[in-house]
Amino acid sequence: DIHIRSVVGKGATFEFEIRTGELDISKSVIELSPLNSLPIDEFEQIPTLSGRVLLVEDIEDNQKLISLYLKQSGLQVDIASNGKVALDKAFSHSYDLILMDMQMPVMDGLTATTELRNAGYKTPIIALTANVLKNERNLYLDSGCNAILTKPIIPDEFYSTLKLWLINANIEENITAIESERKAETHTKKVADRKSANKAFQ
């Protein structure tokens with residue numbers, strides 16, 4: 001039997017029953033390794049990345065698993081359990097990337113992303129969602145998400161998307177730094193020219 005319970009703004013719970021028979025004589029039951037003991041070479045290619053990532057996710061098991069993926073590639077990880085906490089962290093710390101779950105209590109990812117973008121927040125935001133319908137994906141992109149990753153996580157897709165947007169973030173940061181430096185140089189030159197002109201009239 002399968003039972004589904006859904007609460008608007010919180011998500012859905014799925015329950016099912018399987019008749020297994022005598023489990024004590026079954027040879028097919030395999031004990032899974034704890035999340036924190038998964039080998040680093042669990043996947044064929046884990047890129048070496050750098051940066052600080054804010055993971056916004058309300059389910060503790062997902063926090064542990066996704067954090068493991070991130071840390072295995074060399075990234076620093078902060079965790080926010082809902083969109084409201086994410087806003088506080090995003091505005092008080094510097095991040096290279098935000099992974100934003102879309103369905104959360106208190107404040108969902110869609111609302112949090114919209115508020116960040118309305119405030120001029122430029123850091124790449126990647127949506128994490130089990131919703132793969134086209135209209136839902138368009139809604140996330142329209143809110144300001146740069147990309148979408150589906151759950152459960154597909155490692156190759158996960159790492160390639162992270163790598164792409166972390167590189168883009170570094171490029172934009174470098175461009176901003178160069179522009180700021182040029183503006184500072186232009187301002188300094190104008191001040192120097194003004195002083196020279198004043199001396200010429202004295």
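I started with β5 and β6, which pair in the parallel sense over four bridges. Two strands pair if DSSP finds at least two bridges between them. Helices (H or I, at least four residues) and strands (E, at least two) are DSSP runs, numbered from the N terminus. I noted that this is a predicted model, in which local features need pLDDT of at least 70 and side-chain atom pairs count only at pLDDT 80 or more, while totals for chains, interfaces and linings use all residues. Residues are numbered from 1 along each chain as its sequence is written, and side-chain values use heavy atoms, with hydrogens and water left out.

**Entry: the sheet**

Next I traced the whole open sheet: five strands in the order β4-β3-β5-β6-β7, with parallel pairing. β4 and β7 (147–150) are at the edges with a single partner strand each, so one side of each has no neighbour in the sheet. From one strand to the next, the twist averages 20°. As a reminder to myself, strands of a sheet pair through backbone hydrogen bonds, either parallel or antiparallel.

I moved on to β7, which pairs with β6 in the parallel sense over four bridges. Thr-129 stands opposite Thr-150 in β7. Are the residues on the two faces of β7 buried or exposed? Ala-147 and Leu-149 on one side, and Ile-148 and Thr-150 on the other, are all buried. Here buried means under 20% relative accessible area, exposed over 50%, and partly exposed in between (1.4 Å probe, protein chains only).

I found Asp-78 in strand β4 (residues 76–80). It counts as buried because its relative accessibility is 18%. Which side chain does the side chain of Asp-78 meet in a polar contact? The partner is Arg-52, at 2.7 Å. A polar contact is a pair of N or O atoms within 3.5 Å; within protein, one must be able to donate a hydrogen and the other to accept it, and residues adjacent in sequence count only if both atoms are side-chain atoms. Leaving aside neighbours within four places in sequence, Asp-78 is in contact (heavy atoms within 4.5 Å) with Arg-52, Val-53, Leu-54, Leu-55 and Tyr-95.

**Entry: helix α3**

I then turned to α3 (residues 109–118), where Gly-109, Ala-112, Thr-113 and Leu-116 are buried. These residues cover an arc of only 100° around the axis, which puts them on the same side of α3. The arc is that of the directions from the helix axis to the C-beta atoms. They pack against α2 (83–92), β5 (97–101), β6 (125–129) and α4 (134–143).

I checked both ends of the helix too. Asp-108 caps the N-terminal end of α3, with a side-chain oxygen 3.3 Å from the backbone nitrogen of Leu-110. After α3 comes Gly-120, whose phi is positive, near 85°.

**Entry: α3 beside α4**

How are α3 and α4 set against each other? They pack at an angle of about 30°, with their axes 8 Å apart. Axes are lines fitted to C-alpha atoms, for helices over the stretch in contact, and angles run from 0 to 180 degrees between N-to-C directions. The two helices are therefore roughly parallel to each other (angles under 35 degrees count as roughly parallel, over 145 as roughly antiparallel, 65 to 115 as roughly perpendicular and the rest as oblique). The contact involves Leu-110, Thr-113, Thr-114 and Arg-117 of α3, and Leu-139, Tyr-140 and Ser-143 of α4.
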